[in-house]
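Here is a friendly walk through one model, meant to be read with the structure open beside you. We look at a pair of helices, then at the surroundings of the ligands.

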Amino acid sequence: MQGKREIPDAVLEAVIVLIALGIAFAAAIAGWAVGRGHKQTVTVTVGTTAASPTSTVVDPRVAAGAHDFATFACAQCHGDHGRGGVSPDVPALTTVAASLTPAQLRTIIDHGLGESANPQKPYMPVWRGVVSQHQVSDLIAYLRAGLPAVPTAEPVTVPTNQGAAVAGAALYVRYGCINCHGPNGLGGVPNPQSPDKTIPPLSGAAFRSQFNTDQKIIDVIRSGSVIGKAPIVSMPHWGGIIPPAQLAALVAYLKTLS
Ligand code: HEC
Ligand code: HEC
């Protein structure tokens, strides 16, 4: 049986490699052709509805900032396109560019705002070391452009009716946990000024023995934990931001990790 399977597998592999090479070659040709037409610009459709006929060119930095805004879960606290409405403790960002200079915006994003040793409500996290300086520049360009809609720069969708662990895996990305705690909760993201030197993993024996009940995990996500002032990155306070059902889904997902 084993021998009979090996030959078709090898043939199949060769065919897949050939197809992949073909696709890569076609993509390279297409990319070259497109590159000739639109140097340095990205053409995207901007509009509030998918059917909008308006098509315009978005500055690549603004587009990158819009994607960063989704990746780092800014929208989960500050609302879609920074319009607020998530929590009374988190301001909208729609007029922030008019009231703050780029340098002030950079300081706030790098160092955070409103934290205390024992957070009772959401604070602006310290992002320096997690969000790169290049990404901060792109975020500032996006804020100063008025947080326009940029196609596909959306938070990941959370599947419904597929179980809590599946929803939790999507929420782990949607709330940006993955940026600080790593894929699969493996940790390893540097936090050089903190006692551990890294942001802790959410998997492994040490995590499991310290956080041995669902409630302990939920409590630390809700409360957050400020280790110290910037440049130390701390655990954001998610109470009032992440609803209870989503907290339970996050825990269900974390329990699937090794
Ligand atoms: C965990 C929730 C949370 C997340 C995530 C978050 N923020 Fe904030 N942010 C806050 C809170 C709360 C404040 C208000 C702090 C204060 O004034 O005490 C704030 C303030 C700000 C301000 C200053 C607004 C003003 O009017 O003074 C800016 C700018 C800002 N955030 C940008 C961002 C960006 C960009 C991201 C993504 C990289 C982000 N925030 C992610 C909670 C959050
Ligand atoms: C800005 C980076 C950042 C983000 C985003 C973040 N965390 Fe954390 N988290 C931390 C840091 C730093 C600690 C360590 C806090 C401490 O030691 O007091 C921590 C601690 C934790 C802990 C306790 C583990 C331990 O060993 O102390 C859990 C559980 C946790 N985070 C879950 C989450 C979940 C779930 C999300 C997404 C909703 C999330 N975190 C988002 C930085 C972050």
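At what angle do α10 and helix α11 pack, and how far apart are their axes? In this predicted model, α10 and α11 (residues 244-254) pack at an angle of about 120°, and their axes lie 10 Å apart. Angles of 65 to 115 degrees would count as roughly perpendicular and those over 145 as roughly antiparallel, so α10 and α11 are oblique to each other. Their crossing is right-handed. On the α10 side, the contact is made by Asp214, Ile217, Ile218 and Ile221, and α11 contributes Leu247, Leu250, Val251 and Leu254. Seven residues of this contact are nonpolar, one is charged and none is polar.

Now to the ligands. Around ligand 1, the elements that give two or more residues are α3 (74-78) and α5 (102-111).

| Ligand | Residues that come nearest | Element that gives the most |
|---|---|---|
| ligand 1 | Cys74, Cys77, Gly114, Met124 and Pro236, of 25 residues | α3, four residues |
| ligand 2 | Cys177, Cys180, Pro200, Ser225 and Met235, of 25 residues | α8, four residues |

What kinds of residues make up the shell around ligand 1? The shell around ligand 1 divides into 21 nonpolar, three polar and one charged. For ligand 2, the shell holds 19 nonpolar and six polar residues, with no charged ones.

Technical notes
Residues numbered from 1 in each chain as written. Chains lettered and ligands numbered in written order. Predicted model: local features only at pLDDT ≥ 70, side-chain atom pairs only at ≥ 80, totals over all residues. Near = placed C-beta within 6 Å. Nonpolar A, V, L, I, M, F, W, Y, C, P; charged D, E, K, R; others polar. Axes fitted to C-alpha atoms, helices over the stretch in contact; angles between N-to-C directions. Parallel < 35°, antiparallel > 145°, perpendicular 65-115°, else oblique. Left-handed = near helix turned anticlockwise from the far one by under 90°. Contact = placed C-beta atoms within 7 Å.
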